[in-house]
Amino acid sequence: MVIDKIKKVNNAEGEKPQKNTKAADMLVGKWVKCDACKEILYKDDVHKNFSVCPNCGKHFRISARRRIKQIIDEGTFIETYENMPETDPIHFDGYIKKIETLKEKTKIQEAVTTGFGEIHGNKVVIAVMDGNFLMGSMGSVVGEKITLAIEDAIKEKLPFIIFCVSGGARMQEGMISLMQMAKTSAAVAKLDDAGLLNITVFTDPTTGGVTASFASLGDIILAEPNALIGFAGPRVIEQTINQKLPEGFQRSEFLLEHGFIDKIVERKDMKKTLAQILELHKN
Amino acid sequence: MSKKTAWDIVMLARDAQRPKAKDYIESIVDDFIEFHGDRAFGDDKSIIGGIGRINGTVVTVIGQEKGSTTKEKMERNFGMTNPEGYRKALRLMKQAEKFHRPIITFVDTPGAYPGLGAEERGQGEAIARNLMEMSRLKTPIISIVIGEGSSGGALGICVGDKIAMLENSVYSVLSPEGFASILYKDASKNKEAAEKMKITAKDLKELGIIDDIIKEKDKQEENLEFVSSELKEYITKTLKKLTKLKTEDLLDLRYEKYRKIGKMEE
């Protein structure tokens, strides 16, 4: 979604090149506009800054691939369960085709990537959700991969870390998707019984069935700044209570204040914070 | 039953005249005593919780209650549970575990309440915690959808060893109206959505989501007596089987029950 916006900005800028020393760059899409502060930013600067706006600190949404690069030590990531076959339990028209087209277009295999890796030398099992794939919604493949990853952590006695971003249960799979909430939460209970560390990280946006299952069950719950986190979406709440929601409602800072997360961590500090927590849990 | 469409069943499941959790509790639980509050924030009246006997066995009962009169519906928030309701349920379920009582839950909700206060008090966390804890409570759990089992709000008290549905109840990931407006971009396609979503007891048994279907009479006014007797028999029979299991086996079977939903080979 943000990518679309960036593309739009690039196209718009491309139509009327400005008198700028880097005007030529505009034409080839090297610039992006921050959707929060509206500043025009040099793409490379944004990338180097962990995909965070150097001007206002807005954390742009990023892919699972980029997230893994930022968090996991180079060369240590071993992906698991890459090629899970899709299921279409309620035979929703065009669902499988849509998924296949999406896989082709985005080069992403489903809304979560799982694997083993190291964070400053600390071995972990990591799962990273990806909002670019059907809004990070949880269907049977997502639920299964997360459950398998948790079971891997139990088998290998490793800490489990999950980065969450999701619109909730994947409606196109009907009740099977709702059941993934129970399945993943049951797996988290096993992880807990095994005495293993479970760190969840909320990123923008995490709502619905993911908030109401594994995402809220970490021993330690972190969040990126200003991430939308909630059960019901803001629009649904506004329709229910028939009034506008206050500024900052359901944002990370709001959840911190209400006692639902442990710490807000800026993206540039995420890796070292995770490493610090992991180190402190070493026996 | 075969002639009813999925939408007909949705209408029956939501019928105001349909017996509610309170009615079934009154008719099948002897010596019922209701307990209140989550010990943290308040008492959510959309959930009735307490203990009593079913056919002589002491059980903990948790039921979502929509209310019958307008006043009661308001008090009970139309069966839309707030975080303190899920937390009250969990408190009583942990108490059941301590005193080795089986747990019976009756599910009937249009969904968890999507309000401002619910979000402030952690609706997502409350439901999540119940899912996790219910998966490992060391006592048998039977959950029965008696009317409308909508989304995470229903699931929050519907994780157990056996899941049953009344013949004319529904259990869904969201309402057919919501499904139609989001996926068909047309809220008027609710009937089509209801059919497509597979939300009836028959469909969900075929999909392996629920274990058993409890029969109903076609005439709503005959249902309290008839369904109560069916429920009593079902609960008694099922508890007999579940209480025979060693706790370890009970928990393994419960984990496996959910573990296999949506499982595929790479």
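**Sheet and interface**

Modeller: Chain A holds an open sheet of seven strands with mixed pairing, in the order β3-β4-β5-β6-β7-β8-β9. Its edge strands, each pairing on one side only, are β3 (78-80) and β9 (263-264) of chain A. This is a predicted model, in which local features need pLDDT of at least 70, side-chain atom pairs count only at pLDDT 80 or more, and totals for chains, interfaces and linings use all residues. Residues are numbered from 1 along each chain as its sequence is written, while chains are lettered from A and ligands numbered from 1 in the order in which they are written.

Colleague: What counts as a strand, and when do two strands pair?

Modeller: Helices (H or I, at least four residues) and strands (E, at least two) are DSSP runs, numbered from the N terminus. Two strands pair if DSSP finds at least two bridges between them. Here β4 (residues 112-119) and β5 (residues 122-129) of chain A pair in the antiparallel sense over eight bridges. Gly117(A) has Val124(A) in β5(A) as its bridge partner.

Colleague: How many residues of chain A are in contact with chain B?

Modeller: Contact means that C-beta atoms, placed from the backbone, lie within 7 Å. By that rule, 45 residues of chain A are in contact with 41 residues of chain B. On the side of chain A that touches chain B, α6, α7 (175-193), α8 (208-211) and α9 (234-241) of chain A each supply at least two residues. The largest share, 14 residues, comes from α7(A).

Technical notes:
Contact = placed C-beta atoms within 7 Å.
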